[in-house]
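The sequence and model are shown below.

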Amino acid sequence: MGITFMFMLLATITPFLFIQMNKLSLAIVQTIMLVGMWLYFLEATFNIAPGAFSYLWVFYYASLIVAEVAYIMFVIYMVKTPAPFSKAVKN
């Protein structure tokens, strides 16, 4: 349960990563999926879990998958973007 909660917290940060990469539409989509993800988590924790392939179930797993893709995209973005102090270091 702890590792799932950690991944959910990391997924909650992903809209900010999309905003940093200037992908506003993906940030909005991820934010909507995050609401469904947290609703599913709260319902599964304090009540009976929703059925498989329900819309909350799809939001839950899709949000985690999109978050993983976002972190990979962010790493690629950071590697391709030159550092602002790189000119000073190359002296």
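## Helix H3 and its buried face

In H3, the buried residues are Leu-56, Tyr-60, Ser-63, Ala-67, Ala-70 and Phe-74. Here buried means under 20% relative accessible area, exposed means over 50%, and partly exposed lies in between (1.4 Å probe, protein chains only). Helices (H or I, at least four residues) and strands (E, at least two) are DSSP runs, numbered from the N terminus. The model is predicted: local features need pLDDT of at least 70 and side-chain atom pairs count only at pLDDT 80 or more, while totals for chains, interfaces and linings use all residues. Residues are numbered from 1 along each chain as its sequence is written, and side-chain values use heavy atoms, with hydrogens and water left out.

H3 comprises 26 residues and reaches 36 Å from its first C-alpha to its last, close to the 38 Å expected at 1.5 Å a residue. The expected span of a helix is 1.5 Å times one less than its number of residues. The buried residues of H3 pack against H1 and H2; contact means heavy atoms within 4.5 Å.

## Three positions in H3

Ser-63 lies in helix H3, which covers residues 55-80. Ser-63 has a relative accessible area of 0% and is therefore buried. When neighbours within four places in sequence are left aside, Ser-63 is in contact with Ala-11, Gln-30, Met-33, Leu-34 and Met-37.

Tyr-61 also belongs to helix H3, but Tyr-61 is partly exposed, because its relative accessible area is 38%. The C-alpha atoms of Tyr-61 and Met-33 are 9.2 Å apart in space, although the two residues are 28 residues apart in sequence. Ile-65 is another residue of helix H3. With a relative accessible area of 56%, Ile-65 is exposed. The C-alpha atom of Ile-65 is separated by 8.9 Å from that of Ala-11, which is 54 residues away along the chain.

Helix H1 (residues 2-20) has 19 residues; the distance from its first C-alpha to its last is 28 Å, close to the 27 Å expected at 1.5 Å a residue. H1 has a kink of about 30 degrees at Ile-13, shortly before the proline Pro-15. The bend at a residue is the angle between axes fitted to the seven residues ending there and the seven starting there. The buried residues of H1 are Met-8, Ala-11, Thr-14, Pro-15, Leu-17 and Phe-18, and they pack against helix H2 (24-46) and H3. Just after H1, Asn-22 adopts a positive phi of about 60 degrees.

The 23 residues of H2 should span 33 Å at 1.5 Å a residue, and the end C-alpha atoms are 33 Å apart, so the two values agree. Buried in H2 are Ala-27, Gln-30, Met-33, Leu-34, Gly-36, Met-37, Tyr-40 and Phe-41. The cover over these residues includes H1 and H3.

## Nonpolar cores

A nonpolar core is a set of buried Ala, Val, Leu, Ile, Met, Phe, Trp, Tyr and Cys residues joined through side-chain atoms within 4.5 Å. The largest such core has nine residues: Met-8, Ala-11, Leu-34, Met-37, Tyr-40, Phe-41, Leu-56, Tyr-60 and Ala-67. H1, H2 and H3 each supply at least two residues of this core. H2 gives the most, with four residues.

Tyr-60 touches Thr-4, Met-8, Met-37 and Tyr-40, not counting residues up to four places away in sequence. A second, separate core has six residues, among them Leu-17, Phe-18, Met-21 and Ala-27.

## The chain as a whole

The secondary structure of the protein chain amounts to four helices and zero strands, in the order α-α-α-α along the sequence. The C-alpha atoms fill a box of roughly 65 × 30 × 15 Å, taken along the principal axes. The radius of gyration of the chain is 17 Å, whereas a compact globule of 91 residues would have one near 12 Å. This radius is taken over C-alpha atoms, and the globule rule is 2.2 Å times the number of residues to the power 0.38.

Of the 91 residues in the protein chain, 24% are buried. Among contacts with a separation of 6 or more, 64% join residues 24 or more positions apart. The chain exposes about 6500 Å², of which carbon and sulfur atoms supply 76%. Accessible areas come from the Shrake-Rupley method with a 1.4 Å probe; for residues, only the protein chains shown count as cover.
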